[in-house]
Amino acid sequence: PKMKHVIRNKNVLELLEKPIEKMKREPKGIANFSNDYLRCYRDVWKVTARFNWNNEEGESWRDILRASARAEFEQIKEENDPLIIGKFLITWRDAINRMHEKVNDVNMKMTSFVDETRTDSVNQKAFDPFKDRNVM
């Protein structure tokens, strides 16, 4: 998210050194909130599409995660404090990145497990009828 619209202090070092509660707030940043809000919500929708398995009760994780995200996004829609909005967007961006990483890790592990344990012809060497013969 573009926090420079929400926080007046744009100096990166100053931004990292000061506690977020003491930064100057700029109310005009709320106008850009809807763009960041929608972009973030769409990213949540995209990453949750990769959750195609069910929990122990048979409910789709995709639907559970989307319902949870929807509830949080609905709550923040009415917020007017740029600091709270900024924290919300930063938190969700971080969560989206972590979800991507975890899903990618699991997919890589599953792929390597399948490759290592395959018993069909893909994993076996091609049959060479002339391997043991002395053919010129």
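**Note on the packing of helices α3 and α4**

1. The axes of helix α3 (residues 61-77) and helix α4 approach within 11 Å and cross at roughly 160°. Because of that angle, α3 is roughly antiparallel to α4; the cut-off for this description is an angle over 145 degrees. The crossing of the two helices is left-handed. The model under review is a predicted one.

2. Which residues make the contact between α3 and α4? On the α3 side they are Ala69, Glu72, Phe73 and Ile76, and on the α4 side Ile84, Phe88 and Trp92. By class, the residues of this contact comprise six nonpolar, no polar and one charged.

3. As to the overall architecture, the protein has four helices and zero strands. Read from the N terminus, its elements follow the order α-α-α-α. The chain comprises 136 residues, of which 26% count as buried. When contacts between residues at least 6 apart in sequence are considered, 56% of them join residues at least 24 apart.

4. The largest nonpolar core holds 17 residues. Within this core, the residues that touch the most other members are Cys40, Val44, Phe73, Phe88 and Trp92. Two or more residues are supplied by each of α2 (33-48), α3 and α4. Helix α4 gives the most, with eight residues. As general background, nonpolar side chains in soluble globular proteins tend to be buried together.

5. Which residues does Cys40 contact, once its neighbours within four places in sequence are left aside? They are Phe73, Leu89, Trp92, Arg93 and Ile96. Of these, Phe73 also takes part in the contact of α3 with α4, as does Trp92.

6. Ile90 is a residue of helix α4, which spans residues 82-117.

Key:
Residues numbered from 1 in each chain as written. Predicted model: local features only at pLDDT ≥ 70, side-chain atom pairs only at ≥ 80, totals over all residues. Heavy atoms only, no water. Axes fitted to C-alpha atoms, helices over the stretch in contact; angles between N-to-C directions. Parallel < 35°, antiparallel > 145°, perpendicular 65-115°, else oblique. Left-handed = near helix turned anticlockwise from the far one by under 90°. Contact = heavy atoms within 4.5 Å. Nonpolar A, V, L, I, M, F, W, Y, C, P; charged D, E, K, R; others polar. Core = buried A, V, L, I, M, F, W, Y, C linked by side-chain atoms within 4.5 Å. Buried < 20%, exposed > 50% of the residue type's maximum accessible area, 1.4 Å probe, protein only.
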